[in-house]
Protein chains: 4
Amino acid sequence: MTAASGSRGAPARRNRGPAAAERNRRALLAAGRDLLATEGLAVPLSAVAKRAGVGQGSLYRHFPSRVALIAAVFEENLDRIEQFVATGERTLDEVFAMLVDQAVASTALVEAINAHRDDAGVARLGRRFAEVVDGVVEAERAAGRLADDITVDDIRLAIGMLAGEIARIDAAERAGAAARARRIVLAGLRPRP
Amino acid sequence: MTAASGSRGAPARRNRGPAAAERNRRALLAAGRDLLATEGLAVPLSAVAKRAGVGQGSLYRHFPSRVALIAAVFEENLDRIEQFVATGERTLDEVFAMLVDQAVASTALVEAINAHRDDAGVARLGRRFAEVVDGVVEAERAAGRLADDITVDDIRLAIGMLAGEIARIDAAERAGAAARARRIVLAGLRPRP
Amino acid sequence: MTAASGSRGAPARRNRGPAAAERNRRALLAAGRDLLATEGLAVPLSAVAKRAGVGQGSLYRHFPSRVALIAAVFEENLDRIEQFVATGERTLDEVFAMLVDQAVASTALVEAINAHRDDAGVARLGRRFAEVVDGVVEAERAAGRLADDITVDDIRLAIGMLAGEIARIDAAERAGAAARARRIVLAGLRPRP
Amino acid sequence: MTAASGSRGAPARRNRGPAAAERNRRALLAAGRDLLATEGLAVPLSAVAKRAGVGQGSLYRHFPSRVALIAAVFEENLDRIEQFVATGERTLDEVFAMLVDQAVASTALVEAINAHRDDAGVARLGRRFAEVVDGVVEAERAAGRLADDITVDDIRLAIGMLAGEIARIDAAERAGAAARARRIVLAGLRPRP
DNA sequence: CATGAATGAGGGTTCATTCAT
DNA sequence: CATGAATGAACCCTCATTCAT
């Protein structure tokens, strides 16, 4: 043994420091996103922890409830949507396309919003989402691409329908069905003769 | 005792006799309809039995699985829709209106169809439902009230979206939201300029 | 709440921490051994957990199935038999004597082997047991203490009969009956005039 | 309608009379024998009733307990053994052969005897069985085909082992294993050099 | 007497949540 | 701070037994 090796009983334990905490959080988010999408909202939290490769206690440290995890997953989505909207004039169709791509997690939010309207974190996300949509809708209306009687609430309703339907459909048919659903809903919002 | 034993039995407390069979079935259906609507698809079957005022064994006798109960609830709805359609020339809007009124159970079917496509009873109901819709769609198309590129599959998709959304909405806002959603979806199916 | 919900969790009353893991495993094995012997193979697993003083969840963590518990109990027996055989030239009679002492668990294995031949763990134990018996039988045959037409399969059959019978007999008469049964079966394997 | 037909409201109900009771009893016995053999001692009594084509209440009328059914099945076996023994000088081997043919039900009795020694009906059957065996053993001993130290209890033990083992073995291997087991046990009872 | 539905206590199993290490 | 075992309530389902018809 070399002179440098410690002579105390305690084995040199890796101190992964606070960086590990952030890594765990990201692993949990990724695992949550995956499993919520493939297994549905009722996936056991223990499965999320296992997939992330962390203990269940750590999951609870980062996300004290199922809703907290769902909200965090959606928050990432929302980040992307906000960035997308912030970097150019965007149409409703484009936002719908993004939402469809994020459909399962969005559905989780939609359901979580309905089931946990009182949850503070969820409420905050709902407001953030509404703001993003508001901006796009205003531009869309200015461009004359919305029927006169369509309100922002209608748009949110439309998004809910779209996301909910996509989430229900089998992965195999999802692409085709999503396109058709998007077309129907968008057509329903356009100006009518 | 070695392998058999089994002194599990329960001395029945009260037994209203087989005359209660039909009454029990109806009570279970009513309880299932109520609780599926208010508590969601995941409502404990034991709660359904308790609400119906019957033992859990009776619930299992009448409905050997959760899907069987859901299917039975929807079958009642389907009966009403079929009768409605059979008694006159009906528009898609009218059928949508009925579906919206039956939203939760319809959603249950939509979800059950997706989750249990292989279940024989569900498949049968799905076909029955499709037939009813087909008839209405044909008439609707003949009257020129559908865009050329809309297929029967699109209609079913639209119904799924509509029912799913209604089911998610709180009872308080349901009436208003349902009307708005119906308008959007129907507009999306109409001929476009 | 719609499909997910799930507020089933139980606030743990007491938690002696992971240090209890090994202690729990041993307590479960001991409880399983006791209760399988006194109550038979159909003993409720909940009774085993209660006797061991652990929650039912812990039982399932350590032994995910009834067969797993039975196999673990027998594995301990097998350990002892292997050690015994490894520490000297042993006769079939001595091995029979050990098996008789372990009769109930042996029966459990015999039954489990028949009922769960496909279970991987059980199959492994069966093979291990067969190897031990093979060795002893070879020595016994070399010493001229077996009839010519007796095969290893016959020995295993004999062991099954012996263990099964002992397991069935009330504790009070077990000692005497075991001795008589052993004598009969061994005599049946000896060279005949 | 002819003059003979009754004009009262009550439809002529078939009165199957007491003959039906006996037919039901026989059907239940046959069903019990079948299912105990193929499904094991833990077979649901409702399955027995269904197989017999009678209501569960009738099963309870004829056999107020699982043990009563098992005992009745064995009693039929015992009848046949008694007849067989009564119609000629019979050897132990022949009786063993009969028992092996009846192995499952015999095992059921063996287990039932151990588990329900206090049950009056079971005790009576046990005594009847012992008497039959006694007679055969006496003749066997007189013919010099038993070792001097073998007692009637030993024979009963041997029968228990044999029956128990046969019952455990898969139907496919039963014939071969039964023959080998019988040979071993009989050899163990024969006079030794 | 027969029928077969009703009953409900348990048994197996899962999983949210806690907490000693 | 992380780990992962422990906990036990609650769920689903089965089935022995009763009893109105």
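Me: Why is C:R190 called partly exposed?

Reply: C:R190 has a relative accessibility of 25%, and the scale calls a residue buried under 20% relative accessible area, exposed over 50% and partly exposed in between (1.4 Å probe, protein chains only). Because 25% falls in the middle band, C:R190 counts as partly exposed. The model is a predicted one, in which local features need pLDDT of at least 70 and side-chain atom pairs count only at pLDDT 80 or more, while totals for chains, interfaces and linings use all residues. Residues are numbered from 1 along each chain as its sequence is written, chains are lettered from A and ligands numbered from 1 in the order in which they are written, and side-chain values use heavy atoms, with hydrogens and water left out.

Me: What makes the pair C:R190 and C:E140 a salt bridge?

Reply: The rule asks for a side-chain nitrogen of Lys or Arg within 4 Å of a carboxyl oxygen of Asp or Glu, and the N to O distance between C:R190 and C:E140 is 3.3 Å, so the pair qualifies. C:E140, at a relative accessible area of 1%, is buried. Elsewhere, salt bridges that share partners tie A:E75, A:D79, A:E82, A:R124 and A:R128 into one network.

Me: How do you know that the salt bridge of B:D154 and A:R180 joins two chains?

Reply: The closest N and O atoms of B:D154 and A:R180 are 2.8 Å apart. B:D154 belongs to helix α8 (residues 152-168) of chain B, whereas A:R180 belongs to helix α9 of chain A, so the pair spans two chains. B:D154 has a relative accessibility of 1% and is therefore buried, while A:R180, with a relative accessible area of 25%, is partly exposed. Over all chains, the count by this rule comes to 60 salt bridges.

Me: What makes B:R26 and B:E22 a contrast to that pair, and where do they lie?

Reply: B:R26 and B:E22 both lie in helix α1 (residues 20-39) of chain B, four residues apart, which is about one turn of the helix. Their closest N and O atoms are 3.4 Å apart, and they form a salt bridge. The relative accessible area of B:R26 is 53%, so B:R26 is exposed, whereas B:E22 at 42% counts as partly exposed.

Me: How many helices and how many strands does chain A have?

Reply: Chain A has nine helices and zero strands, where helices (H or I, at least four residues) and strands (E, at least two) are DSSP runs numbered from the N terminus. Buried residues make up 41% of the 193 residues in chain A.

Me: Why is A:L186 called buried?

Reply: A:L186 has a relative accessible area of 8%, which is why it counts as buried. A:L186 is found in helix α9 (residues 171-189) of chain A, and, leaving aside neighbours within four places in sequence, it is in contact (heavy atoms within 4.5 Å) with A:L92, A:D93 and A:F96.

Me: What makes up the interface between chains C and D?

Reply: Buried area is the accessible area (1.4 Å probe) that two parts lose on being put together, summed over both, and for chains C and D this comes to about 2,600 Å², with 57% of it on carbon and sulfur atoms. On the chain C side, C:M161, C:R168 and C:I184 lose the most area to chain D, together 29% of what that side buries. The contact takes 31 residues from chain C and 30 residues from chain D. The rule finds four salt bridges across this interface, and D:R180 and C:D154 form a salt bridge at 2.8 Å, N to O.
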